[in-house]
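Thank you all for coming. I would like to walk you through one structure this morning, so please have the sequence and the model open while I talk.

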Amino acid sequence: MMLKGIIFLLLHLLCDIALATKCGRVWLTVSSLWKPIAASDKVVDTELEVNWDIDCPSDTGYPDTIKVFNTDPERDTKLKPKLVLTSLQFPRGYYRTNITVGHPPLPGGWDTKDGATRPGPHCLKHYAALYKDDEILTSSCLRIWPTWMYDLRKLLGRLPIGSLMIPGTHNSGCYKHGDLSRRLAYQRYLLTQDRDVWTQLVHGIRYLDIRVGYYPSNSNGTTIAEENNHISRFWVNHDIFRITPLSAVIKDVRNFLNVAKGEVVIMDFHRFPVGFEGRLCRHRRLVRILNREFKGLILKPDMGVEGLGPTLNDIWTDGKRLIICYGDKHTVNEYYWLWPAMSQAWGNQQTVEGLFKYLEDVIMGPKRFSQNPLWAVMAELTPHFQNMLFNLSGGLREMADSVNRNLTLKFQEEWWNETNIVATDFFLGNSLIDVSIEANIKKRLYFN
């Protein structure tokens with residue numbers, strides 16, 4: 001029964017793709033923006049966004065309405081919508097609603113990190129449908145894809161890991177802890193995500209960008225066991241600022257791999273901004289912790305066929321599904337199971353125009369070759385010091401908002417076939433998980 005449900009949902013996705021080529025599509029994202037509440041320190045955030053891209057043949061007619069629901073409108077045609085958008089004057093667009101998504105329970109049993117979990121995609125409670133004369137042309141939901149790699153194993157098994165389009169997050173461990181507050185101004189330029197790593201992985205993210213700092217003194221809230229094995233001294237940093245204990249990220253990745261039996265995760269320990277310079281012993285200490293925490297899960301480096309790395313079938317046969325890339329060559333030379341530093345295409349751009357020109361040049365230009373078959377584009381804006389000092393750009397949330405929705409369309413239409421890993425800020429503001437899955441279904445034709 002469960003397998004039939006997965007097949008149904010996968011067929012629904014493929015139908016979405018087919019309908020998109022016929023008349024366009026509608027999809028939902030979550031805004032990275034926030035707005036203050038009057039006479040309060042609290043803010044409103046995670047508001048639902050409706051996106052559409054319409055391209056109908058003349059004999060079909062132009063859609064006239066988009067409706068947003070709390071349940072599936074295709075199963076109940078008498079549902080009352082939460083929002084109705086009419087007079088769709090532009091073939092492409094988006095609308096930021098005042099419907100707050102918040103942090104709802106994850107469906108399919110994925111809300112508890114040690115509970116029962118069901119494979120396949122699962123919808124959250126938000127749906128959008130595109131209408132013409134009260135008839136649904138297509139619909140979609142805000143959904144999680146916790147097991148997309150293994151769900152699609154018959155389609156994707158022959159693809160090398162270096163040929164896949166893999167959705168990722170930039171500064172993955174820099175997420176908010178507790179409620180967002182406008183009083184904490186520093187959050188504007190330090191936090192790059194609004195979901196923890198477990199939730200990122202459950203949504204479908206498979207690449208984690210991690211920068212680690214080392215702090216010799218004991219940290220508040222750590223247990224004696226954590227202090228004795230030194231894990232409490234390692235933190236996920238945003239530059240020189242520590243944000244999240246590394247132990248929390250490690251626990252989320254380990255728990256996810258234990259329950260999502262066929263998924264492959266890439267942890268990219270890209271930089272070590274605090275406490276590592278000239279201290280090879282601290283790298284060794286960190287690597288020993290990684291080896292202990294992920295024992296039996298770590299995949300050793302393999303350039304595979306045509307230098308693109310092992311295929312997903314090869315990885316599943318081997319049984320080890322965690323790739324750890326490490327940004328210190330001396331440490332990589334000591335440990336055979338560490339993958340070399342990964343190439344990251346980072347444009348250091350402050351404008352949307354500058355970022356998209358840089359991405360176009362990198363993605364469509366000659367590829368970089370290295371000892372690692374994996375490479376990533378970092379698809380986000382970077383503030384300069386004066387931006388942060390005078391808040392000229394409004395913060396990373398505003399910068400992500402100006403980029404994310406356009407990234408969905410560019411990768412969907414132009415860049416998908418030339419991309420390996422793409423990492424973004426506030427990943428729910430784009431639809432690159434769905435775009436990646438669709439791209440990989442199309443890419444399989446090259447490897448069959």
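**Salt bridges and helices in a predicted model**

Let me begin with a single side chain: Arg254 is partly exposed, since its relative accessible area is 22%, and the scale behind that word calls a residue buried under 20% relative accessible area, exposed over 50% and partly exposed in between, with a 1.4 Å probe and protein chains only. Before I go on, please keep in mind that this is a predicted model, in which local features need pLDDT of at least 70 and side-chain atom pairs count only at pLDDT 80 or more, while totals for chains, interfaces and linings use all residues. Residues are numbered from 1 along each chain as its sequence is written, and side-chain values use heavy atoms, with hydrogens and water left out.

Now back to Arg254, which forms a salt bridge with Glu293, the closest N and O atoms being 2.3 Å apart; by salt bridge I mean a side-chain nitrogen of Lys or Arg within 4 Å of a carboxyl oxygen of Asp or Glu. Glu293 lies in helix 7 (residues 280-293) and Arg254 in helix 6 (residues 246-259), so this pair ties together parts that are 39 residues apart in sequence.

How many salt bridges does the structure hold? The count is 20.

Another of these bridges links Asp133 and Lys132, whose side chains meet at 2.7 Å, N to O. Asp133 counts as exposed because its relative accessibility is 55%, whereas Lys132, at 21%, counts as partly exposed.

Let us turn to the helices themselves. Helix 6 has 14 residues and reaches 20 Å from its first C-alpha to its last, close to the 20 Å expected at 1.5 Å a residue, where the expected span is 1.5 Å times one less than the number of residues. Buried residues in helix 6 include Leu246, Val249, Ile250, Val253, Phe256 and Leu257, and Ser247, Asp252 and Asn255 are buried as well.

Helix 10 (residues 352-364) can be checked in the same way: its 13 residues should span 18 Å at 1.5 Å a residue, and its end C-alpha atoms are 18 Å apart, which agrees. Its buried residues are Gly354, Leu355, Phe356, Tyr358, Leu359, Val362 and Ile363. What do the buried residues of helix 10 pack against? They pack against strand 16 (343-346), strand 17 (375-378) and helix 12 (396-415), and contact here means heavy atoms within 4.5 Å.

Helix 12 has a further partner in helix 13 (residues 432-443), for Leu407, Thr408, Phe411 and Gln412 in helix 12 meet Leu432, Val435 and Lys442 in helix 13. By class, this contact has four nonpolar, two polar and one charged residues, where Ala, Val, Leu, Ile, Met, Phe, Trp, Tyr, Cys and Pro count as nonpolar, Asp, Glu, Lys and Arg as charged, and the others, Gly among them, as polar. The axes of helix 12 and helix 13 come within 10 Å and cross at roughly 0°, and the two helices are therefore roughly parallel to each other.

Finally, two loops deserve a look for their backbone angles. Asp134, in the loop between strand 8 (122-132) and strand 9 (135-144), has a positive phi of about 65° although it is not a glycine. Phe426, in the loop between strand 18 (421-424) and helix 13, also has a positive phi, near 45°, in a residue other than glycine. Which of these two is buried, and which is exposed? Asp134 counts as exposed at 66% relative accessibility, while Phe426 counts as buried at 2%.

To set these details in the whole chain, there are 13 helices and 18 strands, and buried residues make up 56% of the 448 residues.

Key. Helix = DSSP H or I, 4+ residues; strand = E, 2+ residues; numbered from the N terminus. Axes fitted to C-alpha atoms, helices over the stretch in contact; angles between N-to-C directions. Parallel < 35°, antiparallel > 145°, perpendicular 65-115°, else oblique.
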